[in-house]
Amino acid sequence: MDDLLADFVAETREMLEASGGEIVAWEADPSDKARLDTIFRFVHTVKGNCGFFDFPRLEKLSHAAEDALSECRAGRREPDSALVSAVLAIIDRISEMTDAIEAGEDFPEGGDDQLIAALQPGEDFEVASAAMQDAPRETVTANEDTSDEAAPKAARANPVQRSIRLPVDLLDEVMKGVSDMVLARNDLARRLREAGEQPTIDGPFDRLSTILADVRTAITRMRMQRLEHLFSSLPRLVRDLSTELGKQVMVDFEGGEVELDREMIEMVRDPLTHIIRNAIDHGIEGPGERLKKGKREIGLLRFAARQSGNQISLVISDDGRGIDTVRLAEKAVAAGIYSRAEIDRMSDRRKQHLIFHAGLSTADTVSSVSGRGVGMDVVRANIERVGGSIDLVSKPGEGTSFHLKLPLTLSIIAALTVGSSGQRYAIPRSYVEEIVFGSSSNVEFAEAGERRLVTFRGKRVPCLALGDILGTEANEDIEWEDKTLVLIRLANEEVFALAVDRVFDHEDVVVKPIAPAVMETRLYAGTTLLDDGRPMMLLDLPSIATSRLLMNEGRSAAPVVEEERVEARRKTVPIMLFAGLDGRRRAVRLEMVRRIDTVSREAIDIDGRRMQAVIDGSIFPLVGLEYGELSEERCRLLRLSDGENEVVYAVGEVLDAAEMEGEIIPSHDDPLIEGVTLIDDAPIPVIDGHTLFARHHAPRRTEQPLTCRIPADSDWARTILGPLVEAAGYRVASDGDEDADVAILLAEQADVPAGPARSVIRLRQEPEGVGEDAETIYRYDRDGLLAALKQARFGRTA
Amino acid sequence: MTQLLLQCLIAGRQAAIPASDVQSVIEVDEITPIPRTPDFIRGLTALRSQALTVIDCSLALGLESAGDQPDQRAAVVEIEGHLYALLVDAAYDVGEASSEPVAVPGGFGPGWQRAARGMVETETGPTLLIDVEALIAGPLEEAA
């Protein structure tokens, strides 16, 4: 059911309940003014609400009752018992209709007119008696109604209260409780991992985790509100503004059902208002101008919202004149922000983005509506502060559209966790552009005075060490090559590199505010808790950049370069270039790369053809060694993922991210290579992800593994057979009476009962089976045994 | 006047925090330092799913700190929506004040003067009543 409608039903019900007592009291004493007022308010509100919806019958009824009651309130009419029962009949009818609305049914026609007629004041006894006659007739019709509808009514009697109102505080409290539970769960999970595998505990624990995740999602959803609530206030705003500016604007909404965190809705209200003002003031032309251009006299402002993943995209578009890039560019030159030469080099798109620059506006005159200097730069900063982003597309003469991307909730942001001096910090991921190793051969460090600079892929950007910013490391002592550089792009297009000791992971973190004394450092934007319950600070990058005077110096060619890449990206596939252990350049599709890890040589275990690497306590199959020897100290690994399985690929060095523009020329000689592509005119082999994962994926653990019972009293079964069975994806039944999917028996124990099992595999001692032994499998016939187990598995799934 | 007080030891002196301000007394074991904050802000510690700002009361008064100790006790207070853990040398019982806070001629000495509301009599003798808000503002406020 529609959200607003649900609200309407809930509110009407609430008032019905509240006024129930009043109605009875009023019936006892029709001259009671206070009761009369309460009931009048009720019918008045119902009438008002009906205006929003298309409920002509409800409106007519409530309107009639309201009229009669207002006569009484004005003293023009004395309420009498006839009026009371007529009003009560109407209120009953409203209640029934509300039930029908909620159930989505049509309320049977007829009966309304009698009810309304009953309200007519009795001039004297005669009419009053007519009304009295009406009343019983009414009750008859009402009875008919109920009898007609007896069945559906009974059905909808139960799910009466479909929605309740709750204070937001209570929700916050529950949310906090669930967050605590998640932390407790994480703590428990760590302890369980340390204690080793315990099948009896792990199962229920996993179930608990799943339930907890579901509850958390449900609670998050409770805090959501439909965008309609935001949209509903906009038509009025647009109307007022357009009247003030002598323009005619129509609004169109799409996606009002998209849900967003309540707080987030409040946060975007101001930026949205600003965009609307701009659109009406600068974008949409006056009616005369529009007619001249062959457009419709009335301008159109469209709002479209869509959810994609954990982001909401909101597009605000007008059909006005578009952004005047020429004038914007001139203003930028006049304001001394860019030189003429710089402007000339800019693409149109880049020029349009100038409106996000502080102090630029295309409005010649400061109107009361916009152009007061609080510009799009503030809008952009506000949107980015809540973890969103803003972009625009403008076509001269056709209009402008702003694309806003917003995270679903305010308090949860996507963050990159980095390490510095043994501590972890979080960086909002929206700022992170790229991550590069300081040791990478295409990164060069330079100094200009006291300022560190780093040149990477033709861009020279200032470089700050997190250790230096935090005062834990002095700039002079820093081994820049050992650092990992996080390229940060701020709202104002400034780019700088942040040198950190390590990049850990992507994480969605819940951000909490911090104490004012800590805020004063202007380094942190908030705090968050790690999985193990330890606190971690969220860095306030714009503020750090400002304090380091980066905001206005060190302007680089970066934005322009970036823009070309954006254009290029549309038709290309991103890949990652690396040097294999043999030093030759290869590439892998970037989408496959989950992250880059550096591990010490001890974390890698090679035993014959079995190669594995241990990263953060998990074992991954290791590939790439066929090309050369690992270094003796630190090994760089690409962690590749096909979405479910992960494989690590040993590389000599990670070179660069690049765009694969041309085609891949397939190569059939080497199955590990998908083909060869041209990057910067050099042929680069691209790894074949399909072959890689086909060869190395770990057997997928099924949600509910099949169980297999093995002879309990045999050492051989326990020590040799058990592991094999587990490796085949079975769980060894712990209990002799448990219902197992497969039971393995030893032939020499033929007299032992198999126990409850769906299928039975018998193993014999001797390689050659004779006679009745033909059904059995030799106990060291590995292939035969696995085949039998596999067959049992398919037998079940089929 | 029967104000309930949490009696504690700060920089070796008897002090008291109004019990109505105190949510709980916790043991602080792990503190995550926050670089570039004033010394008296020792860092963050987690209490259930909330991060508390740990304040070293001695340093906040501008006195010598007892430094890191095992099983440090802290009083948890909430001020303007933020939670703080006030590290004290020791936390004793909750007691009753038997007098109104009064000033002492000549003051309580540097540091204490700023963050004390006055002296109160308790069963265990005269005690300084701490003004929590002044305390967490730290010694810097005074210099400014």
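Biologist: Is A:Lys483 buried or exposed?
Modeller: This is a predicted model, where local features need pLDDT of at least 70, side-chain atom pairs count only at pLDDT 80 or more, and totals for chains, interfaces and linings use all residues. Side-chain values use heavy atoms, leaving out hydrogens and water, residues are numbered from 1 along each chain as its sequence is written, and chains are lettered from A and ligands numbered from 1 in the order in which they are written. Buried means under 20% relative accessible area, exposed over 50%, and partly exposed in between (1.4 Å probe, protein chains only). A:Lys483 has 6% relative accessibility, so it counts as buried.

Biologist: Which residue meets A:Lys483 in a salt bridge?
Modeller: A salt bridge puts a side-chain nitrogen of Lys or Arg within 4 Å of a carboxyl oxygen of Asp or Glu, and here the N to O distance is 3.0 Å. The pair is 10 residues apart, in the loop between helix H18 (466–469) and E14 of chain A; helices (H or I, at least four residues) and strands (E, at least two) are DSSP runs, numbered from the N terminus. The partner is partly exposed at 24% relative accessibility, and its name is A:Glu473.

Biologist: What about chain B: which residue meets B:Asp56 in a salt bridge?
Modeller: B:Asp56 is in strand E5 (residues 50–56) and its partner in strand E4 (residues 41–47), so parts 14 residues apart in sequence are tied together. With an N to O distance of 2.8 Å, the partner is B:Arg42.

Biologist: How many salt bridges are there between chain A and chain B?
Modeller: Over all chains the structure holds 25 salt bridges. Between the two chains, the side chains of B:Glu30 and A:Arg534 meet at 3.9 Å, N to O. The count between chain A and chain B is one.

Biologist: And what area is buried between chain A and chain B?
Modeller: Taking contact as heavy atoms within 4.5 Å, 28 residues of chain A are in contact with 19 residues of chain B. Buried area is the accessible area (1.4 Å probe) that two parts lose on being put together, summed over both. Carbon and sulfur atoms give 63% of the total, which is about 1800 Å².

Biologist: Good to know! How much space lies in the largest cavity?
Modeller: A cavity is a set of points on a 1 Å grid over the protein atoms alone where a 1.4 Å probe fits but cannot get out, and lining residues have an atom within 4 Å of a point. Points are joined across faces, edges and corners, and the volume is the space filled by probe spheres set on them. There are four cavities of 30 Å³ or more, and the largest holds about 60 Å³.

Biologist: Which residues lining the largest cavity are closest to its centre?
Modeller: The lining divides into three nonpolar (Ala, Val, Leu, Ile, Met, Phe, Trp, Tyr, Cys and Pro), three charged (Asp, Glu, Lys and Arg) and five polar residues (the others, Gly among them). Of the 11 lining residues, the closest to the centre are B:Gly67, B:Gln72, B:Leu87, B:Val88 and B:Asp89.

Conventions. 1 Å grid on protein atoms, 1.4 Å probe; cavity = no way out; pocket = protein on both sides within 12 Å on 5 of 7 lines; lining within 4 Å.
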